[in-house]
Amino acid sequence: MSLLSDLINLNLSESGTKKIIAEYIWIGGSGMDIRSKARTISGPVSDPSKLPKWNYDGSSTGQAPGEDSEVILYPQAIFKDPFRRGENILVICDAYTPAGEPIPTNKRHNAAKIFSHPDVASEEPWYGIEQEYTLLQKDINWPVGWPIGGYPGPQGPYYCGIGADKAYGRDIVDAHYKACIYAGINISGINGEVMPGQWEFQVGPSVGISAGDEVWAARYILERITEIAGVVVSFDPKPIQGDWNGAGAHTNYSTKSMRNDGGYEVIKKAIEKLKLKHKDHIAAYGEGNERRLTGKHETADIHTFSWGVANRGASVRVGRDTEKNGKGYFEDRRPASNMDPYVVTSMIAETTILWKP
């Protein structure tokens, strides 16, 4: 008798069929709930424009009224499917009305317009996004490895730590790392974070809109892996109150002008623009961020903009190498772990390249 795992891992090509399975992925009404459903495609596809548009019931995702519930999915980016493998694919989509208008929760559409602007495209904006997250024990909303109803020892030994008393959930993290590489996501690393049960993966450097596509694909894969493991992933920016680090999504950024000789002066001008737009950025950088940006635990106070070289307590950090070389990148440390990467990446580009104070 076949085991369920044998059937799940069936290689469809062995049957002689050219058909593949495409998992269409989109963002639901809360802005953080990832939804997906699968359809059969007649053969392998590598170009999203060659995939059919599809629809879903927006009244069930908080994105349309029941009397006019049809929302249309537009395929935008393709990744290899690490779960079904073979020629099967994951498809990142955004959502539109039947008339072709982007629905209000479609943040990709506006980001794509900003990144396609000639002034932005010519600067080739690069992003490296540090996505922090917390693994929680199912049903009790408490980090993995923590005693139920109690606390582990104080922070200190957990950051990049090893050992059964320091690193909780490494199998999930490593499975996610390899699955992202398999999928074709430009994942550049992982590490254990300061709070036990909290981890980070980095996506990038990625250019323009692809940074958002890759972060959302990586989040989808992480949620699928934690589903298999019976663990819950949280992107809450401060999942545990008290003397524990929050979770952010530090966004590293550079333009062609910043990467070229004389780029440090361009960086300083860009940071000055970010200072003037601080309130607008904070409002778009994630829900509940005020619980994280307290001026403690390696954060700047949410109400005050600051920047510095190698300063992890600043809103924006410039690396020592950037200062030394006179060119490079900077890190916006304000975005929360639950930020929308389409919003954050495009907003940074718009403020630093297009906005004229």
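Biologist: How many cavities of 30 Å³ or more does the count give?

Modeller: The general idea is that rolling a probe the size of a water molecule over the atoms shows where empty space is left. The model here is a predicted one. The count for it comes to 4 cavities of 30 Å³ or more. The largest cavity has a volume of about 100 Å³. Its lining comprises 13 residues, and those closest to the centre are I27, C93, D94, T105 and N106.

Biologist: Which elements give two or more residues to the lining of the largest cavity?

Modeller: They are β1 (20–27), β5 (89–96) and α2 (107–116). The most comes from β5, which gives 3 residues. By class, the lining of the largest cavity has 6 nonpolar, 3 polar and 4 charged residues.

Biologist: What is the volume of the second largest cavity, and which residues line it?

Modeller: The volume of the second largest cavity is about 50 Å³. Its lining is formed by R292, L293, E298, T299, A300, D301, I302, A314, S315, R333 and R334. These divide into 4 nonpolar, 2 polar and 5 charged residues.

Biologist: How is a helix to be read, and what is the reach of α7 from its first C-alpha to its last?

Modeller: An α-helix has 3.6 residues a turn, so residues three or four places apart point the same way. Helix α7 (residues 263–276) has 14 residues and reaches 20 Å, close to the 20 Å expected at 1.5 Å a residue. The buried residues of α7 are G263, Y264, I267, A270, I271, K273 and L274.

Biologist: Is H281 buried or exposed?

Modeller: H281 belongs to helix α8 (residues 278–284). H281 counts as buried because its relative accessible area is 0%, and the cut-off for buried is under 20%. Leaving aside residues up to four places away in sequence, H281 touches L274, R334, M347, I348 and T351. One of these, L274, is a buried residue of α7, and R334 is in the lining of the second largest cavity. The C-alpha atoms of H281 and P335 are 8.6 Å apart, although 54 residues separate the two along the chain.

Biologist: What should be noted about the backbone, beginning with the peptide bond from G204 to P205?

Modeller: That bond is cis, with omega near 0°. P205 is in strand β9 (residues 198–207).

Biologist: What is the phi of R85, and what is that of C160?

Modeller: Phi of R85 is near 60°, a positive value in a residue other than glycine. C160, which is not a glycine, has a positive phi of about 55°. R85 is in the loop between β4 (70–80) and β5, while C160 is in the loop between β7 (142–143) and α4 (170–183).

Biologist: Why do R85 and C160 count as partly exposed?

Modeller: The class covers values between the cut-offs of 20% and 50%. R85 is partly exposed because its relative accessibility is 38%. C160 is partly exposed because its relative accessibility is 43%.

Conventions: Residues numbered from 1 in each chain as written. Predicted model: local features only at pLDDT ≥ 70, side-chain atom pairs only at ≥ 80, totals over all residues. Heavy atoms only, no water. 1 Å grid on protein atoms, 1.4 Å probe; cavity = no way out; pocket = protein on both sides within 12 Å on 5 of 7 lines; lining within 4 Å. Points joined across faces, edges and corners; volume = space filled by probe spheres on them. Helix = DSSP H or I, 4+ residues; strand = E, 2+ residues; numbered from the N terminus. Nonpolar A, V, L, I, M, F, W, Y, C, P; charged D, E, K, R; others polar. Expected span 1.5 Å × (residues − 1). Buried < 20%, exposed > 50% of the residue type's maximum accessible area, 1.4 Å probe, protein only. Contact = heavy atoms within 4.5 Å.
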